[in-house]
Structures are given as structure tokens and as C-alpha cells.
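Welcome to a short tour of a protein model, put together for someone who likes to know which side chains sit where. Have the structure open beside you as you read.

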Amino acid sequence: MESGNQTATSKFILLGLSEDMDLQPLLFGLFLYMYLVCVVGNLLMIQAVISDSHLHTPMYFFLSNLSFTDICFTTTTIPKMLVNIQAQGKEITYEACLTQMYFFMIFAANLLLTVMAYDRFVAICHPLNYTVIMNPRLCGLLLLLSWLICLTYSLLQSLMVLRVSFCNETEILHFFCELAQILKLACSDTIANDILLYFVTGLVGVIPLTGILFSYSRIIYSIMGISSAGSKYKAFSTCGSHLSVVSLFYGAGLGVIYLTSGTAHPSGKASIASVMYTVVAPMLNPFIYSLRNRDMKEALRRLFSRGAYSQ
């Protein structure tokens, strides 16, 4: 096998979503719009949580961090795509590609949804002890642990890519540098990378999802034990937004895995699933939480009122 860090290529070619030049202005406008909506929407969520003392609770603390993660997640891919479309160029350097891949994996391995599910579990199943259990110290530790796991996962995968050799200028059939697509372009042995990719990614995906399912199984069991229909609705309504976000996130993610696994040439459906996972889901999260959450709607209304008054 060739030496791992002796790569012969200095750049990759990102083929993007379409090579039809007539579609490029439409794609540029569409993705610029979605990116701006995503950034502005999530920034408003963060500002609302910071400025409103009613939202200084564990649930909204994690929600503001989720909004920050969503901004970073889309920023790792969309700006480079927009620059390529505008400049009518598709090149990305080897170093920039690995950097994009590294940060993408950090924010893609989103463990905050599992932490938020645990928060809802404690709030509904142990309401009397909620403030004691979900104290600021535990919230900080859970946030720190989720970031450490994501950083370790991304660093491990990125270091393994450095041992792979690429022979010539190579084309990536995607609009960003995605690990699985990069490994398909290697001209050296990638068996260790493939094993690590599927094993570790499986763990990072399955264990958090299992935690979410367990939390909600206990939540549903507790809600079913409530006699009052009004109390049942109130208890379940606090989980509705989170359930919608979880379904969107994992649904799009599983779609990407299903449509891209075992093929070197992603289909159009796989590209659409990737867009749903990397752009649409982060863009919709602020709408889901603001439209389905009365406290957030009130906080945003007060935020806009203060902004209008200050003018």
C-alpha cells in the first residue's frame, strides 16, 4: 500500500447538483435564499432566548445551542457552493476539502437532539425534581460532552483520511466534500477507513437515536397515566416541536444513507436528500419551534417590539 500522507492531488472538483449552466442562476438564488433564511431565523432564536428571562431554562438553553449548530452546519457547505456557482468554477483545494469535511462532520453528528430528549424526559416524568436534576452544572456538562464526542468523531475520521492516497485530479459527485464520496476516489487501500466510517458512524447515529426513543417511550408511558385530557395535551405539546425536528433530521439523514450507500454515483434522489439534510432541516427548525411554541412566539414578539420601539 502507498504511504498514507503522500497524496498526488492538490485539488478536487465539486461537480455540484447540476452541470446544466441554465440552472446555475436558479440554484444560486434558491440556495442563497435558504441560507439567509436559515442564518437569520436561527440568529433570531438565539437572540430571543438571550434577551428574554422567561426562556432562561434548560430547554431553551439547549435550543439556542441547536440554533448555533444549525448555522455552523449550513455555513460549512453552502457559502462555498455559492462561490463556485458565481465564479463558474468547481475547484476546491485538498486542504480546503479536508477542512470542510472536518467541520461538516462536527456539526452533522448532532447529539443535542438526544440531550433535548433527555431534558423533556426529566420535565415530564420527574417534574417535581426537574430543577434539581437539570441544574446549570449538569446542563453545561451535557453540552460539553456532546461537543467532545462530535469533535473526537470528526478528528478520528479526518486523521484516517490523511493516510489515503489520491492519484490525480479527482471529481466529487456532490456539492461539498463528503467523507464517503472522498473515500471512493482513493487509489490506495481504504478498508480501514470504510470499517471505521460505518462502525463509528453507526454508533454515533444509533446510540443517540436509541436514547431519544427510550426517552419518548417513557414520556408516552407517563402521559398515558395522566387522567385529565387537558393535562395530557399540555404535556405532549411541550414535545411536539422536538419530535418534529427529530423526525426531519433523522428522516433526511437516513434518506441520504439509504440512497448513497453501495453506489459510486449518487442519484438525483440522493442529492435531494442531501439538500434536505444539510439545508432544509436547519432552515425549518426555527419555524417549527416558533410556530409550535407559545413561549417562543411571545419572546419573538417582544424582541420585535423592542426593535421597533428603539427605532
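The model is a predicted one. Its largest nonpolar core has 95 residues, and helix H1 (residues 24-51) supplies the largest share of them, 11 residues. Aromatic rings form 14 pairs, and the helix contacts described below involve H1, H2, H7 and H9.

**The nonpolar core**

- Which residues have the most contacts inside the largest core? They are Phe31, Phe62, Leu63, Leu66, Leu113, Ile219 and Met296.
- As background, nonpolar side chains in soluble globular proteins tend to be buried together.

**Aromatic pairs**

- Of the 14 aromatic pairs, one joins Phe107 and Trp147 in an edge-to-face arrangement, with 5.8 Å from centre to centre and 85 degrees between the planes.
- That pair links distant parts of the chain, as Phe107 belongs to helix H4 (residues 94-108) and Trp147 to helix H7 (residues 136-161), 40 residues apart.
- Phe107 has a relative accessible area of 10%, so this residue counts as buried.
- Tyr118 and Phe121 make a tilted pair, at 6.1 Å centre to centre and 35 degrees between the planes.
- Both of these residues are in helix H5 (residues 112-125), where 3 residues, about one turn of the helix, separate Tyr118 from Phe121.
- Are the two partners buried or exposed? Tyr118 is partly exposed because its relative accessibility is 31%, whereas Phe121, at 15%, is buried.
- A cluster connected by ring pairs takes in Phe31, Phe73, Phe104, Phe175, Phe176, Phe249, Tyr250 and Tyr277.

**How the helices pack**

- Two packed helices are described by the angle between their axes and the distance between the axes.
- H1 and helix H2 (residues 58-75) have axes 9 Å apart and an angle of about 155 degrees, so H1 is roughly antiparallel to H2.
- H1 passes H2 in a left-handed crossing. On the H1 side the contact uses Tyr35, Cys38, Val39, Asn42, Leu43, Met45, Ile46 and Val49, and on the H2 side Tyr60, Leu63, Ser64, Ser67, Phe68, Asp70, Ile71, Thr74 and Thr75.
- H2 also packs against H7, at an angle of about 25 degrees and with the axes 11 Å apart, which means that H2 is roughly parallel to H7.
- The crossing of H2 and H7 is right-handed. Here Pro58, Phe61, Phe62, Asn65, Phe68 and Thr69 of H2 meet Cys139, Leu142, Leu143 and Trp147 of H7.
- H7 packs against H9 too, with an angle of about 170 degrees and axes 10 Å apart, so H7 and H9 are roughly antiparallel.
- For this contact H7 provides Tyr153, Leu156, Gln157, Met160 and Val161, while H9 provides Ala192, Asn193, Leu196, Leu197, Val200, Thr201 and Val204.

**Serine 215**

- Ser215 is found in helix H9 (residues 191-224).
- Why does Ser215 count as buried? Its relative accessibility is 5%, and buried means under 20%.
- Leaving aside residues up to four places away in sequence, Ser215 touches Ala117, Tyr118 and Phe121. Tyr118 and Phe121 are the partners of the tilted pair.
- From Ser215 to Leu138 is 77 residues in sequence and 17 Å in space, C-alpha to C-alpha.

**Glutamine 88**

- Most residues other than glycine have a negative phi.
- Gln88 is not a glycine, yet its phi is positive, at about 55 degrees.
- Where is Gln88? Look in the loop between helix H3 (78-87) and strand E2 (91-93).
- Gln88 has a relative accessibility of 64%, so this residue counts as exposed.

Key
Residues numbered from 1 in each chain as written. Predicted model: local features only at pLDDT ≥ 70, side-chain atom pairs only at ≥ 80, totals over all residues. Heavy atoms only, no water. Core = buried A, V, L, I, M, F, W, Y, C linked by side-chain atoms within 4.5 Å. Buried < 20%, exposed > 50% of the residue type's maximum accessible area, 1.4 Å probe, protein only. Helix = DSSP H or I, 4+ residues; strand = E, 2+ residues; numbered from the N terminus. Phe/Tyr/Trp six-rings, centres within 6.5 Å; stacked < 30°, edge-to-face > 60°. Axes fitted to C-alpha atoms, helices over the stretch in contact; angles between N-to-C directions. Parallel < 35°, antiparallel > 145°, perpendicular 65-115°, else oblique. Left-handed = near helix turned anticlockwise from the far one by under 90°. Contact = heavy atoms within 4.5 Å.
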